[in-house]
Amino acid sequence: YSTFHNAEVVSNSKINQIIDIRQSPQWGEYLKYLGWKKHSLSDYKNIYSRKAGPLDIAKVQRPTSLNAGDLMKIDKLARENKFAFVKLEPSLEQSVDELTRAQYKISQSPLCPPSTIYIDLQNSIKTLQGNLSHSAKYSINRAKREGGHVEFFASPSVYLLTQVYPALKNTAIKQKFFVPSFADLKTKIDLWGSECRLTVAKNSDGVIQGTKMFLGFNNNIWFMHGGT
């Protein structure tokens, strides 16, 4: 029994060419750290499986577009390994008709965010600022007036992570999000290296007010965690 979640379709052709970070080599190593086993059809078409109690389950997250042959290989792999189910979360360019013909069924419990916001960072500063909401512009201007500032760090240190982790943890608890462990975040920093970026917002006294973690892959960058 297989499931898929119908991803939001964005018409911009540049966006459709993005290779998702969940198909990157670093993500594969991260999932290995979490106890998942990798099965690969080809580049950027990776499947991961693990034990869930007495069952073996598998997931395929944002692979490059799958054709009928790929789906047959997934089905064969699932039967050979006796997976209880395969959860497939397609890329934006995936043909949903192809999945329907292969008898995939829509899942109501996605693992990846079902709606995604893309920002083209190649736009000018003026364009990026112009796309901000009124409340966002107000918040930025107020922070400037009150002496707030943002610092950016590539390959952040363990010491910096200890400083910002309380904000990440407390926000997750308050908002009832999944709380990533300190070891989980440190593993991401170790795997992504210079492509891991932390932004840290501080007030005029230098006290941390908020932080965000971003991970880069293939000339794009993904927001992963944040807290205030």
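**Entry 1: the model.** I am working from a predicted model.

**Entry 2: H2 against H8.** I began with helix H2, residues 25-33, and helix H8, residues 182-192. Their axes come within 10 Å. I noted a crossing angle of roughly 150°. Angles over 145 degrees count as roughly antiparallel, so H2 is roughly antiparallel to H8. The crossing of H2 past H8 is right-handed.

**Entry 3: who meets whom.** Next I listed the residues in this contact. H2 brings Gln-26, Trp-27, Glu-29, Tyr-30 and Tyr-33. H8 answers with Ala-183, Asp-184, Thr-187, Lys-188, Leu-191 and Trp-192. I sorted the contact residues of H2 and H8 by kind: six are nonpolar, two polar and three charged.

**Entry 4: aromatic pairs.** I then turned to the rings. The count comes to six aromatic pairs. One of them joins Trp-27 and Trp-192. The Trp-27 and Trp-192 rings sit 6.1 Å apart, centre to centre, with 70° between the planes. That pair is edge-to-face. Trp-27 belongs to H2 and Trp-192 to H8, 165 residues apart, so the pair links distant parts of the chain. Both Trp-27 and Trp-192 are buried.

I looked at another pair, Tyr-165 with Phe-182. This pair is edge-to-face, at 5.6 Å centre to centre and 85° between the planes. Tyr-165 lies in helix H7, residues 158-175, and Phe-182 in helix H8. They are 17 residues apart. Tyr-165 counts as buried because its relative accessibility is 13%, under the 20% cut-off. Phe-182 is partly exposed, with a relative accessible area of 25%.

**Entry 5: a ring cluster.** Which residues do ring pairs link into a cluster? I found Trp-27, Tyr-30, Tyr-33 and Trp-192.

**Entry 6: positive phi.** Last, I checked the backbone. Arg-62 has a positive phi of about 50°, although it is not a glycine. I placed Arg-62 in the loop between strand S4 (55-61) and helix H3 (68-81). Is Arg-62 buried or exposed? Arg-62 counts as buried, because its relative accessibility is 12%.

Asn-218 is not a glycine and has a positive phi of about 55°. Its loop runs between strand S9 (208-217) and strand S10 (220-227). Asn-218 has 37% relative accessibility and so counts as partly exposed.

Methods. Residues are numbered from 1 along each chain as its sequence is written. This is a predicted model: local features need pLDDT of at least 70, side-chain atom pairs count only at pLDDT 80 or more; totals for chains, interfaces and linings use all residues. Side-chain values use heavy atoms; hydrogens and water are left out. Axes are lines fitted to C-alpha atoms, for helices over the stretch in contact, and angles run from 0 to 180 degrees between N-to-C directions. Helices (H or I, at least four residues) and strands (E, at least two) are DSSP runs, numbered from the N terminus. Angles under 35 degrees count as roughly parallel, over 145 as roughly antiparallel, 65 to 115 as roughly perpendicular and the rest as oblique. A crossing is left-handed if the near helix is turned anticlockwise from the far one by less than a right angle, and right-handed if clockwise. Contact means heavy atoms within 4.5 Å. Ala, Val, Leu, Ile, Met, Phe, Trp, Tyr, Cys and Pro count as nonpolar, Asp, Glu, Lys and Arg as charged, and the others, Gly among them, as polar. Buried means under 20% relative accessible area, exposed over 50%, partly exposed in between (1.4 Å probe, protein chains only). Rings of Phe, Tyr and Trp (its six-membered ring) pair if their centres lie within 6.5 Å; planes under 30 degrees apart count as stacked, over 60 as edge-to-face and the rest as tilted.
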